[in-house]
Amino acid sequence: MPTLGDYLLVSGLLFSIGLAGVLLRRNLLVIFMGLELMLNAANLSLVAFARHGVTAFGLPDYNAQVLVFFIITVAAAEVAVGLAIIVALYRLRQTTHVEDLDRLKF
Amino acid sequence: MLTILFWVFSVLMLASAAAVVLFRNPVNSAMSLVLSFLALAALFVTLDAYFIGIIQVLVYAGAVMVLFLFIIMLLDLKAEARRKLNIAALAGGLGVLGGFVVLIVQVIKSLPTGADQFPALARTGYSDAYDVGMTLFGNFNLPFQIIGVLLLVATVGVVLLSRRSLR
Amino acid sequence: MDPQLYPWIILFAPLVAAAFILFVLPRHNVAAGAVGIATVALTCFLSWKVFLDPSLAVTAQINWIEVPGVFAVPIGIILDNLSRVMLVVVTTIATLVFIYSAGYMRGDEGIPRYYASLSLFLFSMLGIVLADNFVMMFIFWELVGVSSYLLIGHYFRKDSAADAAKQAFTVNRVGDFGFMLGILMLWLATGSIMFAGIEENLSALTLHPGYLTAACLLVFCGTIGKSAQMPLHVWLPNSMEGPTPVSSLLHAATMVAAGVYMLARIFPILLAAPDVVREVIMWIGAVTCFAAGLMAIQQDDIKRILAYSTISQLGYMVVGIGVGATGDVAMFHLFTHAFFKCLLFLCAGSVIIALHHEQDIWKMGGLLTRMPVTALCMLAGGLALAGVPFFSGSFSKDNIIEWAWLNNRTGFWITAGAVLLTALYTFRLLMVVFLGKPRADHAAHAKESPLVMTLPLVILAVPAVIAGYPWFISHFFDIPYAEAPAIAHKIVLGFLAAGAVLAALLYLRGPAKDPVRIPLFANRLYIDNFYNWLVARVQGGLAVLGSWFDRWIIDGLIVTGSARTVWATGYVLRLLQLGNLQAYAFFFGAGVLLVLYFLVFR
C-alpha cells in the first residue's frame with residue numbers, strides 16, 4: 001500500500017517538473033503549462049492529506065477536498081485570463097517567445 | 001493492487017509531465033499535459049476522492065486544455081526551433097531544480113507521519129459527492145459565493161482583454 | 001567708602017567708562033573725552049591713596065571659574081609693593097596722556113572710539129598689574145594686545161596702519177604661545193596657577209632643573225613678544241602708525257613694560273631656576289639693546305628713532321632681570337624710563353602737530369626758538385635717556401650696567417657699548433630737530449603747542465630729572481645698588497662722552513641731510529625683509545599644500561568619490577533588471593530555495 005510519503009514524493013516531483021518547464025522553456029504557452037503542473041502537484045498533496053486525516057466519522061477530511069475544488073476553479077479562471085493576455089501580447093508583438101519581451105530591461 | 005495502480009499512474013503522470021517540458025511542438029506539449037491530468041485524476045481516485053477526480057477531468061482536461069489548444073491553434077504556433085544552448089542559464093536552472101528536489105525529498109523523509117498507511121474508511125466505493133457538497137455549501141458557503149464573483153470578474157476581464165482595441 | 005573696594009574700583013572703572021563711551025556717547029567727542037579723563041583721574045587718585053596706605057589688604061578674590069578639586073581660576077588682586085608702585089606709574093602717566101590727547105586728537109573723526117579704546121587698554125593694563133595668578137595675567141595680557149590692535153589701527157583707513165595693527169597682534173601671539181606653554185608647564189608641576197602657590201612649591205620643582213629651565217624660558221617668550229625683544233621686535237616700530245599719545249602710553253611706558261613687570265613678579269621662580277635661565281635672559285636683552293641702538297642711529301622718522309630707542313631700553317630692563325640681585329633693579333629702570341620716554345614721545349607729538357603731521361627729522365630744524373617749552377622738555381627727556389649724570393636715566397641704567405660687570409663681563413661690554421649708541425642717536429635727534437636752520441616751510445612757521453599739550457610735558461619733565469635720586473626712589477623701591485669698582489662707572493661715562501662728541505661732530509652744524517649713511521642699519525638689519533620673505537614662503541607653501549589637499553582629497557576623493565561610489569552601486573544593481581521573465585523566475589526560485597533551506601534545516 002502506498003504511504004502518505006509516497007504520494008507526497010510524487011507530488012514533489014511533479015512540482016519540480018513544472019518548475020523546470022517554467023525555468024527552461026522559451027514558449028510562453030509551455031511556461032503556462034508548467035504553471036498548471038505546479039498547481040496540480042499542490043492539489044495532489046492536498047488530496048493525499050485529506051485521505052490521511054480521517055475524521056471520527058470514518059470519512060476523509062473533506063475540507064481539503066473543498067480547497068482543491070476551489071483551487072481548480074481559480075486555476076481555470078487564471079488560465080482564461082492569462083491566455084487572453086498572451087493573445088493580446090501576440091497581437092501587439094507577434095511573438096510568444098519570452099526572450100522577446102524585454103521592454104523592462106535596463 | 002492499489003500499489004500497482006499507484007505506481008503505474010504515478011509513472012505515467014510524471015512521464016507525460018516530463019514530456020510536456022521536453023516536446024518542442026506546443027501541440028504535443030498540450031496533449032501530454034492532457035494525459036498527465038488524466039493520470040492525476042486516476043491518482044485522485046486511488047485516494048478515494050471520486051468527486052475531485054471527476055472534476056479534474058471535467059474542468060482541467062475538458063475545459064482548460066481545450067482552451068489551451070484553441071489558443072495554440074489561434075496563434076498558429078510552430079514547433080520551436082533548435083537553438084544554441086545557453087550553458088549558464090541551463091546550469092542555473094538545473095541547479096535550482098536539483099536543489100528543490102533534494103529539499104523536497106529531505107522534507108518528506110523527515111515528516112513523522114510520512115510512513116503512515118492511510119487509515120481505513122468507514123465505507124468504500126461510495127460516491128462522496130454528497131459529503132463534499134455538504135461541506136462545500138455548509139462550511140464554505142461564503143468562499144463559494146466569492147468564487148462565483150471571481151469567475152464573473154475573470155469573464156469580464158477576458159472579454160475586455162480580447163478586444164481589438166482596448167477602448 | 002570702604003578702602004577694601006578701592007582696588008576693584010581702580011580695576012573696573014575704566015571698563016565701565018569704555019562701555020559707557022561706546023554705547024551712550026559714540027558721537028559726542030567732547031563728552032567722550034571728558035568721561036575718559038574723569039575716569040582715569042579717579043583711578044589715579046585712588047591708586048595714590050592705595051599706595052600711601054600700606055595697611056590695605058594684600059589679596060582679595062572673586063571665584064570666577066571653579067571646578068571643585070580640579071581647577072580654579074579666580075579674579076584676584078594682589079597689593080604688594082611691586083603692584084602698588086606700578087599702579088601709580090601706570091595711572092599717573094595715563095592721566096597725563098589722556099589730557100594731552102584732548103589737544104593732540106582735536107579734529108580727528110574717531111575721538112569717542114579713541115577714548116573707549118584707551119579706557120579698555122587701561123582696564124587691561126591694570127588687570128596685568130593687579131593679577132595674582134598666571135591665568136588672569138594671561139587673559140589681561142591678551143586684552144592688552146587687543147587694545148593695542150585697536151589703537152594702532154585707529155587710522156584704519158590707512159593700509160599701513162591696518163597692517164601694523166595686524167602685525168603687532170600676530171607677532172605678540174607668537175610670543176604668547178610660548179608664554180602659555182610655560183604657564184601650563186608650571187601649573188602641571190605645581191598644581192597651582194597662583195603666583196604665591198607656585199612659589200610655595202618651588203622646592204619640589206628645583207629637583208627637576210631641566211623642566212624648570214624649559215618652563216621659565218617659555219614664560220620668557222611672552223616677554224620677548226610683549227616687550228619687543230629680538231627676534232620678535234619687528235612690530236614695535238610699525239606700531240608708530242598709531243596716534244602719538246598711544247605710542248607714548250602703550251609702546252613706551254606701560255604695555256611694553258608689562259613683559260618686564262611679569263618677570264619681576266615671578267623673580268623668585270627665576271632665582272630658583274638654574275643659572276642658565278637668567279643667562280639666556282641677559283643675552284637676549286643685551287643683543288636687543290645693542291642691535292636696536294645700531295638701527296636707531298640711522299632712522300629718519302622721529303617716532304621710529306624713539307621706537308628703536310624703546311626697544312633698546314627694554315633690552316636694558318631685560319638685562320637687569322638677568323643680572324640683578326632682585327627684580328627691583330629692572331623695575332627701577334622701568335620706572336624712570338616710563339616717565340622720560342613718555343615725555344619724549346609727547347614732545348615728539350607736539351612737534352609733529354606743530355609741523356602739520358610732519359615726521360621726517362630732515363624736514364625739521366631750528367625749533368628751539370620757535371617751540372621753547374617743547375624743546376626744553378625734550379632736552380630733559382633726552383638727557384635722561386642718554387644717561388647723563390644727575391638725570392634719572394643715569395641712575396637706573398648705570399645700576400644695571402654695574403650689575404652686569406659683577407655677573408657677566410661680556411654683557412657689561414655690550415650694554416656699555418650701547419650707551420655710546422644711545423647717546424649718539426639721542427643727541428642726533430635733538431640737534432637735527434631743534435638746532436640749526438629750518439629745513440622746510442612748516443618748520444619755519446612752527447608755533448608752540450597749546451597749554452593742554454604743554455602742561456603734561458612740563459609735569460613729566462620733573463620726574464624725568466629727579467626720579468633717579470635715592471631720596472626720591474627709596475619711597476618706591478628698595479633698590480640693591482651694585483658694588484662695582486669705580487672703573488666700571490668711568491668706562492660708562494667714557495662711552496657716553498664718546499657718543500655725545502661723535503653726534504656733535506656729525507650733526508651740530510645742522511647739515512641738510514644725514515652725512516653718514518649706513519644702509520644696513522637704516523634698513524633695520526634687513527630683519528623685516530627676512531620676516532616678509534619667510535612668511536611669504538611658509539604661508540605660500542602652506543597655501544599650496546592646502547589648496548592641493550582641498551582640490552584632490554576633499555573635492556576629488558571624498559565629495560566626488562562618494563557620489564561616484566553611489567552611482568556605481570546603482571549601476572551594478574541595475575544590471576539585475578534583465579527584463580527576462582525566466583531570469584526573474586530563476587532568481588525567485590533560488591530565493592525560495594534558500595528561504596526554505598534556512599527555515600526547515602536550521
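In what order do the elements of chain A run from the N terminus on? They run α-α-α, and chain A has three helices and zero strands. Helices here are DSSP runs of H or I with at least four residues and strands are runs of E with at least two, numbered from the N terminus.

This is a predicted model, in which local features need pLDDT of at least 70 and side-chain atom pairs count only at pLDDT 80 or more, while totals for chains, interfaces and linings use all residues. Residues are numbered from 1 along each chain as its sequence is written, and chains are lettered from A and ligands numbered from 1 in the order in which they are written.

**Confidence**

The predictor gives the complex an ipTM of 0.91 and a pTM of 0.68. For chain C the mean pLDDT (the predictor's confidence in each residue, from 0 to 100) is 87, and 99% of the residues of chain C reach 70 or more. Where pLDDT is low, the predicted coordinates should not be read in detail.

**Chain A**

Of the 106 residues in chain A, 54% are buried. A residue counts as buried if 20 or more other C-beta atoms lie within 10 Å of its own, as exposed if 12 or fewer do, and as partly exposed in between, with C-beta atoms placed from the backbone. Among the contacts in chain A with a separation of 6 or more, 47% are between residues 24 or more positions apart. Two residues are in contact if their C-beta atoms, placed from the backbone, lie within 7 Å.

**Chain A with chain B**

The contact between these chains takes 62 residues from chain A and 68 residues from chain B. On the side of chain A that touches chain B, the elements that give two or more residues are α1 (4-24), α2 (28-52) and α3 (62-93) of chain A. α3(A) gives the most, with 22 residues. By class, this side of chain A has 44 nonpolar, 14 polar and four charged residues. The nonpolar class holds Ala, Val, Leu, Ile, Met, Phe, Trp, Tyr, Cys and Pro, the charged class holds Asp, Glu, Lys and Arg, and the others, Gly among them, are polar.

One helix pair across this contact is α3(A) with helix α5 (residues 129-138) of chain B, which pack at an angle of about 75° with their axes 9 Å apart. That makes α3(A) roughly perpendicular to α5(B). Axes are lines fitted to C-alpha atoms, for helices over the stretch in contact, and angles run from 0 to 180 degrees between N-to-C directions. Angles under 35 degrees count as roughly parallel, over 145 as roughly antiparallel, 65 to 115 as roughly perpendicular and the rest as oblique. From α3(A), Tyr62(A), Asn63(A), Gln65(A), Val66(A) and Phe69(A) meet Asp131(B), Val132(B), Thr135(B) and Leu136(B) of α5(B). This helix contact has five nonpolar, three polar and one charged residues.

**Chain C with chain A**

Here the contact takes eleven residues from chain C and eleven residues from chain A. Helix α27 (residues 581-601) of chain C supplies the largest share of the side of chain C that touches chain A, five residues. That side of chain C divides into five nonpolar, five polar and one charged residues.

The axes of α1(A) and α27(C) come within 8 Å and cross at roughly 140°, which makes α1(A) oblique to α27(C). Leu19(A), Val22(A) and Leu23(A) in α1(A) meet Gln582(C), Ala585(C), Phe586(C) and Gly589(C) in α27(C). The classes in this helix contact are five nonpolar, two polar and no charged residues.

**Inside chain C**

Helix α12 (residues 257-265) and helix α16 (residues 328-354) of chain C have axes that come within 10 Å and cross at roughly 155°. That makes α12(C) roughly antiparallel to α16(C). Ala257(C), Val260(C) and Ala264(C) in α12(C) meet Ala330(C), Met331(C), Leu334(C) and Ala338(C) in α16(C). The contact has seven nonpolar, no polar and no charged residues.

**Backbone features in loops**

A cis peptide bond, with omega about 0°, joins Met230(C) and Pro231(C). Pro231(C) lies in the loop between α9 (209-226) and α10 (235-238) of chain C.
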